[in-house]
Amino acid sequence: MLDTSAAIHPENASQHTERSTGVQLGMITQITEQNNALLLMGEHFNLAIALVDGGSIRIKTFRGQEPNWKTTPAIAGPESQSQVPLQWTAGEERVSVVSGNTTVDINRKTGSLSIRNGEQQANIVSVQRNRESVGDYTAFISLGEDDHIYGLGEKTGFLDKRGERYTMWNTDVYAPHVPEMEALYQSIPFLTMLNNGKGYGLFLDNPGKTVFDMRSYANMAMLQTWTGELDLYWIEGPTLKEVIVRYSELTGRMPLPPKWALGYHQSRYSYMDEKEVMDLAHTFRDKKIPCDVIHLDIHYMNGYRVFTFDESRFPNPEQMMARLRELGFHIVPIVDPGVKKDPMYAVYMEGVDEDFFCKTAEGDIYTGPVWPGESAFPDFTESRVRDWWTEKQRFYTDLGIDGIWNDMNEPAIFNETKTMDVNVMHGNEGDRKTHGELHNLYGMCMSQASYEGLKALLEGKRPFVLTRAGYSGIQRYAAVWTGDNRSFWEHMSMAMPMVLNLGMSGVPFAGPDIGGFAHHTSGELLARWMQMGVFFPYCRNHSAIDMLRQEPWSFGEEVERICRQYISLRYQWMPYLYHWFYEASQTGLPVMRPLVLEYPDDPQTYNLCDQFLVGDSVIVAPVYRPNTEWRSVYLPEGEWVDYWSGERYAGKQHIHVHAPLAKLPIFIRAGAILLEGPVRQYAGETVADEFVTASIYLQGGSGTSSLEWYEDDGLTFAYEDGKWSKMLIETTESEQALNVTAKYTARGYEPQRASIQFRIVGLAAVPQGVAGSGGQVQVAELAQQALGWAYDAERGELLLKLPDTADGIELNITL
Ligand code: GLC
């Protein structure tokens, strides 16, 4: 792309005109039912319709007698034809398919489709096929005035994607991530349409290039494939949440990560040698700034050869890892897909000998330049190649490593097109396809190999994989970081809608490089970004070579203090965070949520993305501009409590909040139950006085609340064998009394703590009676007691401490 005004030279203007579209499906000439699918033969091509378990409808174009029902690796379930029997009728005007509350009408003259479910209606005005090309289908979906669009994975811009145009083509974008960038590293061709609080989803399962244009046509969205068929899933709602639950049923859910991966990660391109890594680790511990993970960027390798260590920089990796483990650190090394073309390098020669690398159509190994120079690229679409890569992870696991960082896996190649030649061939399990047809799968298949490799080798421990590139379903294998952002305030604020929409696209475990990767951060930006970043699901500070250092202590004492305070807060909130990660692993619903997900009937939330929810009842509203101490915060319906001061605000209003540099505005919904534990220096650290505090935010009158809090060992897959616990905390509040019960509904895992605390927030006076928690003591004495309660008049809080036993707890408080 030209970067002067010549870019808009009149002679270049035609480059921007829309590609012409082609022929319509046209008159339907034949209708047949085959294996639970309806085949509609059109004038120019055909359409198949099948119902998918769990409330989706699959609509697929095809030519010839029958469609190819093979699914891409995005689909988590077993590959099979639809098991759901069809009910359909054919009238003169239309063919109708009925499934539950959903009806699909296909116009027999035009082939247009309308899908109705209650008040929701999706109109696929037309499906067209381009005349010149083999693939290249276009579907036009009608858009109503009040339609809002969410999802679409990792994209620039705001939360509501109405009015935007995006390309799904995994791209290594070092150029700054600006709103006009149509493609970044991840491609998730899935969106949710919201209309008056009700939604449905559309998933275009095509891993070649696809376009989602919600800008060029006033009342329509255009979905286009560049290669291959249009394989479209309509996903039933009617709520936004149900759409995400169903989409994630289709494409799979995040396995519960190890707790340490939820801790704070520190990275730098690169920590250059053993001394630097060890100094870094000791500095964290000396300064009492919690940290679980240190990343090793490309310099750890010998000439950037994957599965090697540079002997002069890291003379004894095994010993270094052991020392770091003792300090409570996990090491996550970077592993790129490019294997250096070097006949003296065993990994390359294995790949050559075993035919593991991607090849041109003519059969030569394809190579392209990346960090190590000319490199070959494993064909991860083949399971035999993934098996090889899986086994190769042993190099790391033998050193005690249990996390891997997959970068450059778009794949990024240092050439004009930034990636592999689209004519390179992939084996694709016997169904050979060009790279152009499968491009967006490459990164995900690589992460699948990494994840499965670690899982097989870690003897029951949970692996952690971080990836830059991905496709729908990536959540099954890896967490996602949002690539090479910059130390711009704009990028700090853009990280919110980006990660919120990743969450709305089935990818709950995501986050940006805190502080910004490229460009130079400032103390103020780092402090503000850290406050925000500790509430993102994935929390890593990473910066590029040659840029100012941005470890938490790089900008003097004040910034260091703020970083320490907020990183510590993340660890304090770990029981709450982990609970919501568990929920995400079960339902696919995100940990970090846009307000629209919880308040879809409130138009104020439709494009609200400079504040967000953690779980369903905590609002975080970061300051994302320099030299700014005040910000406006929107509180939706209900009553909201300032986390720091306890001050209460009525909902459905904007409030003006004072937030000097050390303060991140946090609001808790009245009626919520928050879980906090002690500050730890790393997730697995045992502290002398283990406790959990369940804070109950009173509703000031009447109401009930509940939370079924999940726990397990946070480290292994033992939870799959029932080694987990759930404690159901329920409260009933009236003007006169508060009743709290906490009962283990499952106790396959026994928490390692003696006591549990309750903190009743919002109690104006000392209660008249407290039954179930011993006698009254002073606030300062409570820590020494096994049983007792205290009233903190200054904060208006009642604190209760009880032994945490299998028997359960009942508290009756007379107000
Ligand atoms: C890419 C990655 C970045 C990494 C660098 C060197 O730019 O996105 O995170 O530090 O490569 O490996």
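# Buried cysteines, ligand shell and backbone features

Cysteine 358 is buried, at a relative accessible area of 1% (buried means under 20%, exposed over 50% and partly exposed in between, with a 1.4 Å probe and protein chains only). The structure is a predicted model in which local features need pLDDT of at least 70 and side-chain atom pairs count only at pLDDT 80 or more, whereas totals for chains, interfaces and linings use all residues. Residues are numbered from 1 along each chain as its sequence is written, and side-chain values use heavy atoms, with hydrogens and water left out.

**Cysteines**

- Zero disulfides are found in a search of the whole structure (a disulfide is a pair of cysteine sulfur atoms within 2.5 Å).
- Cysteine 291 takes part in no disulfide, and the nearest cysteine sulfur, belonging to cysteine 539, lies 9.3 Å away.
- The relative accessible area of cysteine 291 is 0%, and this residue is buried.
- Cysteine 358 is likewise in no disulfide; for this residue the nearest cysteine sulfur is that of cysteine 445, at 10 Å.

**Ligand surroundings**

- For aspartate 407, the distance from a polar side-chain atom to an oxygen atom of the ligand is 3.0 Å.
- For histidine 542, the distance from a polar side-chain atom to an oxygen atom of the ligand is 2.9 Å.
- The ligand taken alone exposes 310 Å², of which the protein buries 97% (areas by the Shrake-Rupley method with a 1.4 Å probe).

**Lysine 340**

- Strand β23, residues 339-340, holds lysine 340 (strands are DSSP runs of E with at least two residues, helices runs of H or I with at least four, numbered from the N terminus).
- Apart from neighbours within four places in sequence, lysine 340 is in contact with Gly303, Arg305, Tyr345, Tyr348, Pro372, Glu374 and Ser375 (contact means heavy atoms within 4.5 Å).
- A polar atom of the lysine 340 side chain lies 2.6 Å from the backbone oxygen of proline 372.
- Between lysine 340 and glutamate 690 there are 350 residues in sequence and 49 Å in space, C-alpha to C-alpha.

**Glycine 328**

- Glycine 328 sits in the loop that runs between α3 (317-326) and β22 (330-335).
- With 10% relative accessibility, glycine 328 is buried.
- Leaving aside neighbours within four places in sequence, the contacts of glycine 328 are Arg285, Cys291, Asp292 and Tyr682.
- Glycine 328 and aspartate 292 are 36 residues apart along the chain, and their C-alpha atoms are separated by 6.7 Å.

- Threonine 419 is buried, with 4% relative accessible area.
- The threonine 419 side chain reaches the backbone oxygen of proline 411 at 2.6 Å.
- With neighbours within four places in sequence set aside, threonine 419 contacts Trp169, Tyr366, Glu410, Pro411, Ile413, His435 and His439.
- Glutamate 410 and proline 411 are joined by a cis peptide bond, with omega about -5°.

**Further backbone features**

- From tyrosine 269 to serine 270 the peptide bond is cis, and omega is near -5°.
- Serine 270 belongs to the loop between β20 (265-266) and α2 (274-287).
- Tyrosine 304, although not a glycine, has a positive phi of about 60°.
- This tyrosine 304 lies in the loop between β21 (293-296) and α3, and tyrosine 304 is partly exposed at a relative accessible area of 27%.
- Asparagine 627, although not a glycine, has a positive phi of about 50°.
- The loop between β37 (618-620) and β38 (630-635) holds asparagine 627, which is exposed at 73% relative accessibility.

Terms used
Polar contact = N/O pair within 3.5 Å; in protein donor to acceptor, adjacent residues only side chain to side chain.
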